[in-house]
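Please look at the chain shown here before reading on, and keep it in view while the paragraphs below lead from the whole to single residues.

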Amino acid sequence: MSDGASQQQAIGVMIQQYQTLLAVAESISMHHDLAALFHDLAQHLPRVVRFNFVDLILHDPVRNVMRLHVLETAGKHKAPLNMEWPIDKSPGGWVWQMQQPLLVRDVKREERFADLLGFVREHGIQSCCWVPLTTPQRRLGAMGFGSVHPDMYGENNLTFLQQVADQVAIAVSNVLYAQEAHVAQQQLTRERDRLRLLLDINNAVVSTLDLHDLLTAISSCLRRVLQHECTSLTLYDTETSQLRLYALDFPGSKGLIQENLVAPLDSSISGAVFTSRQPKLVTTEDLQRFQSDLTQRHYAEGIRSGCVLPLMTRNRVLGTLILGSLREHAFTQEDLEFLNQVANQIAIAVENALAFREIAALKDKLSEEKLYLEDEIRTAYHFDEIIGESPGLKRVLKQVEIVAPTGSAVLILGETGTGKELIARAVHNLSARREHTFVKLNCAAIPTGLLESELFGHERGAFTGAIAQKIGRFELAHRGTLFLDEVGDIPLELQPKLLRVLQEQEFERLGGTRTIRVDVRLIAATNRDLAQMAANKEFRSDLYYRLNVFPLLLPPLRERSQDILPLVRYFTQKYARRMNKRIETIPTETITALSRYSWPGNVRELENFIERAVILSPGPVLQAPLTELKTPTKEPVSQTLTLVEAEREHIVQVLRETKGVVGGPRGAAARLGMKRTTLQSKMRKLGITSSSYA
């Protein structure tokens, strides 16, 4: 070939190369995706350089390795993207470090880079070359070419391929900068959202003192940043040494919070976090491995991953915050670190809420005590109002002095109006509990449905109309004395719970789950024969024995006739002062008449009679309406009837009058003043059938 022809051929090659470079530049301007760019290059470059593959290998500064990003081949052979090699074991790494092209004329003779070249040989490649991808700002990696023919690439090829690589480097740099900017923007957005979340949580912490409302607000804030389905709060229960599920925000739950779930410290995820004070990412395997009720119920509800974080304050660990997801591996270590900051804020709010609740409970208790004591001041007797010198009264007061310091239960027996409450106060005032509250409750004056609430209190929402928490009489009498008057009227179904309080000194409020411990001395009183009621199965015998530790039998006023005169004088002066009257004389005939009267209503009847007499007295002499003191006539009772027979005859008579109707407002049970079931039990015991009253 002549020199002219050679020169013309060289010019033609140069023209093709420049045309190819222009095409490459145009492709770079059109494509912002590296895979699409290399696919386009694979269409243009064969005009000036032959190859069977072209690849892009970039340096990963985080892991300091060379990673395959793009591979275009002429055949069907493909390599998995994101393959990576150490820098010193990769041709691309050598080029990236040395910033020089690398030419491998015969792959079979190249002993370096065994891993990559072995992969190349498997696909029939016999010669390769790599040129550096570099911009003025940074070194990016290498661009490689391979051919199934040996010694395909020479110095002229390398010069041209380097020019191509310089243009590709700009495109790669732009893509990487765009990706990095996008990642940075995402990170800034995430940081902004999380900072805003921390601010929202801080506002919720400051403005909310109810733990359930607090958890709901925090869960709503967290869902804006972290996708999850369940947020729950456990608190440490000092009485059981376990973590108890206290609040829950789980729209898909089938009732977790109602089950009173607990997490033991030694066999639950929350217990491990609570003990170690370290947050934990929870996997499905963790949920399957731990066997606590709380963990298993979360798993049964579909939770497959989560975060458990300790709620720590400066002084103690309060419990744990749990976030759960229906997806596996829904949380990352970065999420865990962020949530730990959230947990620190929540811990402060929980501590404040618990302190506020404790203060509110004490405030409510003090308010109840204040109202109760104000009422007691208006209506109560005082110990110094026990008037009398009769032997029967002195015997009772001596027994009061004996039993008062012991703290034992006392059962005061006696007829209505004998002063059982006065004796109960005397026992309290002579005991070590006199500095604390004396609380009383008339069991006969409270409807059966409300008696349990009065005794033990109730939680908000425990029943219809329970709009607020109520402290019961037992809780109110903590460290003091509780006086239950008319204890014989307590329903049978409530007696086991009363017995438990007396034995264990603990109970739960109506509608509540927390066990409350109290230190209460019980004094009971009744005008009924509890022993006979226990024998008739109308009163629990075990409760009767628990109440009857130290019985005090008050004598009726008819057996204390010598006490009538001092009582009359005392009540006369008491009501005279109250009515701004001056009564100086009590006629002898009045004293005589009062002493002869049997006083079926005992001291209460005498007091009411004297009050009426003071009202009717215009001058200094007591004008008592003695004509009212009529002894009631009693119908003779057949001596041939036993008590059981008389009771049977009476029930039969009432059944005849009600035409056999037992229940209902006009039934025999209502007329006899007993429950329908109690009457039916008596009828079976006494052998009363329908033929008995037909």
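This is a predicted model: local features need pLDDT of at least 70, side-chain atom pairs count only at pLDDT 80 or more; totals for chains, interfaces and linings use all residues.

Residues are numbered from 1 along each chain as its sequence is written, and side-chain values use heavy atoms, with hydrogens and water left out.

The chain holds 23 helices and 21 strands, where helices (H or I, at least four residues) and strands (E, at least two) are DSSP runs numbered from the N terminus. Of its 694 residues, 46% count as buried, a word that stands for under 20% relative accessible area, with exposed meaning over 50% and partly exposed lying in between (1.4 Å probe, protein chains only). Among the contacts in the chain with a separation of 6 or more, 64% come from residues 24 or more positions apart, a contact being heavy atoms within 4.5 Å.

Turn now to helix H18 (residues 564-578) and helix H20 (residues 602-616), whose axes come within 9 Å and cross at roughly 50°. Axes here are lines fitted to C-alpha atoms, for helices over the stretch in contact, and angles run from 0 to 180 degrees between N-to-C directions. H18 and H20 are therefore oblique to each other, since angles under 35 degrees count as roughly parallel, over 145 as roughly antiparallel, 65 to 115 as roughly perpendicular and the rest as oblique. On the side of H18 the contact is made by residues including Leu567, Val568 and Phe571, and on the side of H20 by residues including Val603, Leu606 and Ile610.

Helix H20 is also the place of Arg612, which counts as partly exposed because its relative accessibility is 33%. Although Arg612 and Tyr575 are 37 residues apart along the chain, their C-alpha atoms are separated by 9.3 Å. If residues up to four places away in sequence are not counted, Arg612 touches Pro625 and Glu628, and a polar contact of 2.8 Å joins the side chains of Arg612 and Glu628. A polar contact is a pair of N or O atoms within 3.5 Å; within protein, one must be able to donate a hydrogen and the other to accept it, and residues adjacent in sequence count only if both atoms are side-chain atoms.
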